[in-house]
Structures are given as C-alpha cells and as structure tokens.
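Hi there,

Here is the structure I promised to pass on to you. Have a look at it first, and then read on for what turned up.

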Amino acid sequence: MPSVVVYASIDQVYSEPVLRDFERRTGVRVLPVYDVEAAKTTGLVNRLAAEKARPVADVFWNGEFAQTALLRNQGVLAPYRASGAASARTECSDPSGFWTCFGGRARVLLVNTRLADERVIPADVLRLGQGPVEAKLTALALPLFGTSFTHAAALYAALGDGPARSFYEGLAGSGVRVAEGNAAVRRLVEKGEAALGLTDSDDACASIASGAPVRAILADHGASGPLVIPNSVALIAGAPHPEQGKQFIDYLLSAEVEDRLIEAGWVQSSVRRDAAGCLGPGAGPMRPMQVDGAAVVGRMDRVRKELGGIFMK
Amino acid sequence: MSAPMSLPSGDRPAMLRWLGVACFAALTAGPVLLLAWDTAWAGDALAMALPSGRRLSLLWSSVALGAAVALGGTVAGMVCAVALWRQPRARVLRWVALAMAASPPYVHYLAWSGFARTFGVPFEGWPAIWWVQTASFLPFGVLLLLAAFETLDPGLIEAGRMARPEHEALLRVALPLAAPAAAACGGLLFLLSVTDYSVPALLQRSVYALAIFSEYSAGGDVRRAFAMSLPLIVLSCGAAAAANGMLRGEVFTPAWGVSPWSRGPRVADRIGLALLALHALVPLVSLAADAAGWSALARAAFDSRREIGLTMGTAAAAAVLSLGPGWAVARSMERTPSLLWLLVLAPLVVPPPVAGLGLIRMWNGTSAFALHGTLAMPVLALLARFLPVAALGIAAHLRRIDPLLLDAARLQQAPGWKIRLRIHLPLVLPGAMAAAFFVFALGAGELGATLMIAPPGYQTLSVRIFNYLHYGSSPAVANLCLVLMALGLAAGGAAAWVAERWSRIAGTEWRARA
C-alpha cells in the first residue's frame with residue numbers, strides 16, 4: 001500500500017480529520033507525526049533539520065511560514081508547484097516554489113467581557129498595555145516562537161527595527177503578563193486572570209464556541225489591518241515518497257479542504273471567501289495587513305536575538 | 001548487624017559488567033556527547049551556564065518549588081508509609097500506590113483541577129502546581145519509605161515500646177532510623193519536580209525547565225540549551241548524590257516480614273491510609289465524572305489502541321532492557337565516591353528535546369544501525385532518559401541483601417553460574433522488579449524526547465493526551481487519562497504480585513534454611 005509521511009505542526013484536532021480524509025479518498029496511507037503545543041512548531045522543525053541526511057518525512061504542513069522559510073535556508077525542502085492550488089496565497093508563497101501559503105489565522109485581541117468592555121478597547125496592537133485595560137491584566141504569548149514570533153518579525157518589517165524594538169521594550173517594561181503560548185493566553189482570559197490577551201483567531205473562535213465570556217477584536221496596527229498568518233506546506237528534499245507527497249500537497253491546497261478547515265475553526269482568512277464568521281459580528285473588518293514575506297523572513301534572526309534579550313534575560 | 005556486603009565478584013565475569021557499564025554510557029551519554037561533538041563551544045553558549053536576571057529568578061523559583069514538593073511529598077509519604085507498615089491488612093493500598101506511580105503529572109493535573117472546579121475551589125498558580133506535583137510523585141516517596149521502614153530491626157522498635165508509649169517508639173526510634181531514606185526520598189522528589197515542566201506549563205507559570213525548553217525552541221541551539229541546563233544538572237544531581245551519600249553509611253537488612261506494632265488502627269494510621277485512598281480515588285472519580293460513560297470509555301480505549309500498544313510496548317521493553325546496564329552500573333558504584341553519581345544521574349536532567357535530537361544524530365545514519373524511523377527509537381529514548389533510575393533502584397536494593405545469605409552461598413561447592421542463577425538472581429530480582437517498574441512508570445508518561453523520535457504513524461498516549469489537554473478538559477481527554485490509569489493499575493498490580501512472590505521465595509525460604 002502506498003504511503004506518505006506528513007509532519008504536521010497543526011493542532012491535531014484540526015489536522016487529523018484532513019489526513020484521514022485524504023487516506024480514505026486516495027488509498028494512500030498517511031503516516032503522521034504531530035507536534036505538541038508546548039513544542040511550538042520548533043519540535044518538528046528541528047527534527048526535520050536533524051533528519052536532513054536521511055529524510056523520513058515527505059511533507060511538512062506548518063501553521064505559519066517563517067519556520068518553513070528557515071528550513072528552506074537549511075536545504076531541507078524541495079520545490080514543488082501544486083496543480084490547482086485554489087487556496088494558495090501568492091504574497092507569502094516562495095517564488096521558487098519551495099513552500100506554498102494557504103488559508104490563514106489572524107491575530108486578535110481576546111477580551112473577557114466580565115472584566116472589560118470590548119467596545120472601548122482600541123483594536124490597535126501598538127497600544128497594548130497602555131489602557132484602558134491595565135498592563136498587568138493584559139496577556140501575550142512569548143514572542144520568540146510560533147505565530148507570536150512571526151507577528152513580531154512582521155512588525156519589525158512594517159515599522160522598522162527601532163520602533164518595533166521600542167514597542168516590545170515598552171511592553172516588557174509595562175508589566176504585561178507573558179504566557180508560554182497562545183493557548184495559555186486564551187486560558188488566562190477565559191478564566192479571568194487576564195482581561196485582555198493577544199492571541200490567534202483559532203484560539204479565539206474555540207473560546208467563543210465553548211461559551212466562555214469573551215469577545216474577539218481583530219487586532220489592527222494603526223492604519224494597517226490585522227496581521228494574517230497563513231499556513232504553509234512544503235515538499236521535503238529527498239523525500240522517501242515524493243509522488244505521494246505531491247499528491248497530498250495538491251489535496252491540501254484544494255478549495256474543499258480549505259472549506260473544511262474554515263468550518264472546523266482552524267482558518268479564519270481565505271483568498272476565496274469570507275472565513276471570519278466564528279469571531280462574531282463585532283470583531284471588525286478582515287482587511288489583512290500587507291506584509292512583505294521576504295522582509296519578514298530576512299529579519300527573523302535579528303528579531304529573535306533582540307526579543308530574546310528583552311524577554312528572556 | 002554487619003555492614004552491607006557486596007555480591008562476590010571473584011568468580012563473576014567482570015567483562016560482562018563492564019560491557020553493561022559501556023552500554024549504559026553509550027545509551028545515556030552517547031546522544032548528547034555526539035551533539036556536543038558536532039558543535040563547537042562558544043563563549044556565549046557557556047555564559048548560559050551562569051544564570052542571571054530572569055533566568056536566575058526562574059531557577060530560584062524552580063528550586064523553591066522543588067524543595068516544597070520534596071518536603072510535602074516526603075512528609076505525606078512518611079505518613080502513608082508508616083500507616084502501611086503498621087497496618088499489614090491494608091496491603092491492597094500498596095498496590096494502589098504502585099499503580100498510581102504510572103500516572104503522569106498531567107493526568108493528576110486534569111483530575112485535581114476537575115475536582116476543584118466541582119467544589120468551586122480556586123486551583124491556579126504555584127499552590128496548584130505544588131499540589132499536582134506532590135500528588136503525582138507521592139507514590140515514589142511512599143514506596144521508598146515503606147521499603148526503608150520494613151528493613152528496620154523490629155527488635156529495636158519492640159525495645160522502644162517496652163520502655164515508652166508506642167507513639168514515642170515511632171517518633172524517637174523508627175523515624176530517626178528512617179531519616180536517611182527520607183533524605184533520599186526528598187532528593188528524588190526534588191529531582192522529579194525541577195525537571196517537570198508539563199504541569200507549570202498547563203498552569204501558566206514559568207519554571208527553569210520550561211525556560212530551557214523555550215530557549216531551545218526559540219533558537220534551536222543545542223549548545224545554549226545544554227549550557228543552560230547545567231545549573232539544574234548540578235543542583236539536582238547534587239541533591240541526589242548527597243541523599244545517596246547519606247544512605248551509604250547506613251546498615252541495611254532485608255525486609256523482616258514481621259510487624260513490631262500492636263494490632264488495631266490508630267488515628268495517625270487512619271489518616272495515612274485515608275490519604276492514600278483519596279490519592280487514588282479522587283483522580284478516578286474526578287476523571288470518571290468528566291468522562292462520558294462506560295461506552296465512551298471503551299470507545300476511547302478502542303480508538304487509541306495503537307497509542308496504547310506503542311506506549312505500553314515501549315515502556316515495557318525499556319523497563320526490561322534497563323535491568324542489565326542498570327545492574328552493571330549499580331554494582332560498579334558500590335565502592336565509589338557519591339559525587340560519581342552526578343555522572344550517572346545527569347541524563348535525567350538533560351532537556352528531553354535535546355536528548356531526542358541526540359538520538360536522531362546517533363541513529364539516523366545509513367549503516368545497519370540506522371534505527372531512526374523505526375519502533376526501536378522510542379525504546380532508545382526511554383533508555384536514554386531513565387536508565388539512571390534503574391541504576392539507582394537496583395543500587396538501593398543491593399544494600400538490602402542479607403550478607404549472611406551471601407556468606408552461605410560462598411560456602412557452596414556449586415559452580416559459579418549455578419550460585420548466580422539460584423541464589424544471587426532471586427535475591428536481586430525484587431529490587432530489579434521495582435527498578436523496572438519505575439522505569440516503566442516514568443516511561444509511560446514521557447513526552448519531550450518521544451515527540452522528537454516517534455516513528456511516523458505512531459504516537460504515544462502521552463502526546464495525544466497532552467495535545468488535547470491544551471484545549472482544556474473534555475470527555476475525550478478524561479477517557480484517555482482513565483485508560484492510562486487503568487493500564488498503570490494493571491502493570492503496577494502485576495509488578496507488585498511478582499515482586500511479593502519472589503520476596504517470599506527469596507526471603508522466607510532462605511531464612512528457614514539459614
């Protein structure tokens with residue numbers, strides 16, 4: 001029986017049904033390796049890099065694209081341009097085809113409505129920690145990995161190194177609560193330990209769906225809209241099953257799969273249709289911030305070093 | 001009572017023992033040393049070994065938490081162990097304690113957070129972390145301390161009871177004699193606490209172990225992560241080595257098999273037994289309340305059959321394979337300075353993802369030893385992490401072997417292999433069973449290293465549970481945790497039964513002949 005090995009840095013609750021559906025439709029056995037929330041994507045990224053001499057994986061499906069770009073720089077990926085690719089986002093896909101972006105989650109402010117009135121909270125991320133919600137009741141994930149890191153790199157690219165560094169230094173000094181991940185931020189806000197938190201839209205949607213006393217606001221950046229962080233998918237160089245890997249990538253980039261991910265609550269931004277319904281009516285307009293993907297990737301090392309000095313010392 | 005004697009080595013193939021030591025070193029230190037070989041040490045990496053600022057603050061928080069867990073676990077363990085010692089009829093609770101050792105910390109988190117939620121009790125922050133870790137590691141403390149109490153000379157206790165009330169015999173004779181074992185227990189619980197980051201992560205608190213993981217996740221730099229873990233290695237192993245050093249000067253005997261206490265329950269015993277019972281009942285009831293009924297539980301077990309198979313199979317394989325190298329190291333360390341235990345115990349504190357990467361480096365070649373991607377890797381990961389536990393457990397048991405039995409064995413005119421098979425092996429086996437079970441219990445819940453090397457298409461129960469836990473509790477998670485607890489109960493019960501039968505054969509039978 002043909003098989004394909006997929007490394008998925010996507011929450012297992014969302015990715016597993018997609019993998020099983022591909023298996024059912026094509027008869028290709030899917031052998032997945034999942035990451036855990038605590039590993040924040042880098043678990044699998046480091047594993048892929050360590051396996052470079054003798055790859056085990058065929059495909060890497062990532063919930064963001066910055067770490068995928070790092071793998072390209074390390075020679076772990078092989079170029080492949082999917083056929084069809086109805087859901088592909090060209091603005092952040094690699095021009096040479098080493099990875100393809102699709103779908104996306106937005107950065108949002110999650111508000112505990114018992115502690116704060118979401119109507120008076122500015123949607124501007126750059127005003128985080130400056131009121132009306134006190135800094136100590138504001139939470140964000142450590143911006144050194146995952147989508148929080150990608151967000152930081154995007155801010156560096158958009159604002160410039162100096163202003164972005166000042167923003168994060170101000171946040172760290174203001175006493176905001178720094179959590180270990182976006183899911184932790186969500187839990188803090190749900191439980192009322194924080195009134196306001198910066199997290200991802202899938203966490204916000206899950207929180208709203210659970211009936212927690214929360215509202216979501218799409219986090220804009222001054223005049224720019226919310227940052228949308230797309231998924232990325234890539235073929236592994238030297239993959240043991242390259243044809244099955246390409247078949248899986250084609251399937252993943254189809255409109256049908258994107259619709260499923262939207263319904264499941266993993267994707268809230270699509271190039272094809274409105275996907276942010278789960279955030280609720282008051283979330284604000286989904287007009288994504290324009291980001292230069294290459295500029296984001298190019299700043300990653302500097303951002304990691306500077307933010308490590310701000311938040312880890 | 002003579003000082004502890006070692007098993008005779010004159011006719012023992014020393015080469016076999018040194019081979020075992022070499023296997024131990026290769027399996028535990030090999031992966032990390034290979035990683036270190038690949039990367040040159042740089043000044044900024046070494047600087048990570050000297051924590052300052054936030055990292056220093058995290059280190060002190062972790063040490064304080066570890067000390068609190070060690071203290072709480074040792075005191076609670078003492079209360080429970082005394083109760084089990086004085087109430088032989090409560091034997092079934094020993095098996096329960098053994099079984100609960102196989103439940104990883106995050107299972108206790110889910111159970112106790114659900115229990116607190118039911119009664120509207122706040123369950124957050126450092127107090128909650130302390131509670132969950134203490135509950136999770138309590139079985140190890142109870143079993144260690146019970147073993148210590150059972151080796152106390154009943155004549156001393158009875159002499160104390162003749163002159164003073166019973167409670168004074170306990171406080172002024174038994175407890176001081178068991179103090180070194182309590183110190184060892186505290187050292188072990190401290191080590192388990194400071195290396196656990198699963199519970200602090202779930203309760204949104206940072207600890208040093210999590211900071212190491214975050215540092216590694218952020219930069220992927222093995223050198224920096226390893227350097228950052230050095231203070232933890234030194235502190236944890238120092239605590240363990242100090243405790244081990246206290247034990248070295250003590251006189252040990254096998255379990256006497258008789259209780260020096262009068263019959264009848266006491267208030268303190270009732271408290272200890274109730275604590276032990278609640279320790280098992282609360283998680284069971286709390287998880288059962290969250291679960292969606294028996295059919296959902298059966299369904300969860302069926303759907304997770306591959307995860308269950310992988311978890312149990314790899315943990316059992318690691319438990320069995322750990323005995324040879326563990327015994328070899330335990331024997332080799334009998335007359336060595338306590339500080340050398342630092343080298344033996346260091347693998348316990350290496351960040352699990354670093355251990356995982358080292359395993360890939362070691363086993364992902366193109367030779368016949370290219371095991372990466374196969375089911376051998378999870379077993380190798382558990383051995384890399386928990387072989388020191390096997391060595392520690394066997395070393396502790398070797399001290400309890402009756403030297404008179406060894407003397408009697410030397411007088412036999414039988415061939416060496418026969419003496420080893422029919423005398424030495426039965427004497428060592430109960431301790432080996434206990435050590436193997438500890439490796440099994442810790443291995444069943446291992447997360448960090450397994451994640452890095454699990455073969456495609458396979459996933460352990462711990463990875464699945466931990467993934468789902470980050471979305472909050474749910475019937476699905478509760479069901480999986482119940483499955484894990486049930487498997488732990490079965491494994492613990494089996495281990496206890498086998499160990500008890502062998503103890504009876506090795507101890508009682510030879511006492512009749514001696």
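This is a predicted model: local features need pLDDT of at least 70, side-chain atom pairs count only at pLDDT 80 or more; totals for chains, interfaces and linings use all residues.

The largest nonpolar core has 168 residues, and those with the most contacts inside it are B:W85, B:F140, B:F149, B:L287 and B:F437. A nonpolar core here is a set of buried Ala, Val, Leu, Ile, Met, Phe, Trp, Tyr and Cys residues joined through side-chain atoms within 4.5 Å. Buried means under 20% relative accessible area, exposed over 50%, and partly exposed in between, with a 1.4 Å probe and protein chains only. Helix α19 of chain B (residues 376-398) gives the most to this core, with 15 residues.

Residues are numbered from 1 along each chain as its sequence is written, chains are lettered from A and ligands numbered from 1 in the order in which they are written, and side-chain values use heavy atoms, with hydrogens and water left out.

Now to chain B as a whole. Chain B has 24 helices and zero strands; helices (H or I, at least four residues) and strands (E, at least two) are DSSP runs, numbered from the N terminus. Of the 514 residues in chain B, 58% are buried. Contact means heavy atoms within 4.5 Å, and among the contacts in chain B with a separation of 6 or more, residues 24 or more positions apart account for 86%.

B:P104 sits in the loop between α5 (92-100) and α6 (105-118) of chain B. Is B:P104 buried or exposed? B:P104 is buried, with a relative accessible area of 5%. Not counting residues up to four places away in sequence, B:P104 touches B:S136, B:G445 and B:L484.

B:S304 is in another loop of chain B, between α14 (294-303) and α15 (305-321). With a relative accessible area of 3%, B:S304 is buried too. Leaving out residues up to four places away in sequence, B:S304 touches B:L461, B:R464 and B:L480.

B:A436 belongs to helix α21 of chain B (residues 416-444), and at 11% relative accessibility B:A436 counts as buried. Although B:A436 and B:A316 are 120 residues apart in sequence, their C-alpha atoms are 8.3 Å apart in space. B:A436 also touches B:A319 and B:L323, again not counting residues up to four places away in sequence.

Finally, the interface. Here 39 residues of chain A are in contact with 44 residues of chain B. The area buried between the two chains is about 3,700 Å², and carbon and sulfur atoms give 52% of that; buried area is the accessible area (1.4 Å probe) that two parts lose on being put together, summed over both. How many salt bridges does the rule find across the interface of chain A and chain B? It finds one, and A:E16 forms a salt bridge with B:R464, the closest N and O atoms being 3.2 Å apart. A salt bridge is a side-chain nitrogen of Lys or Arg within 4 Å of a carboxyl oxygen of Asp or Glu. On the side of chain A that touches chain B, α6(A) gives the most, with six residues.

Enjoy exploring!
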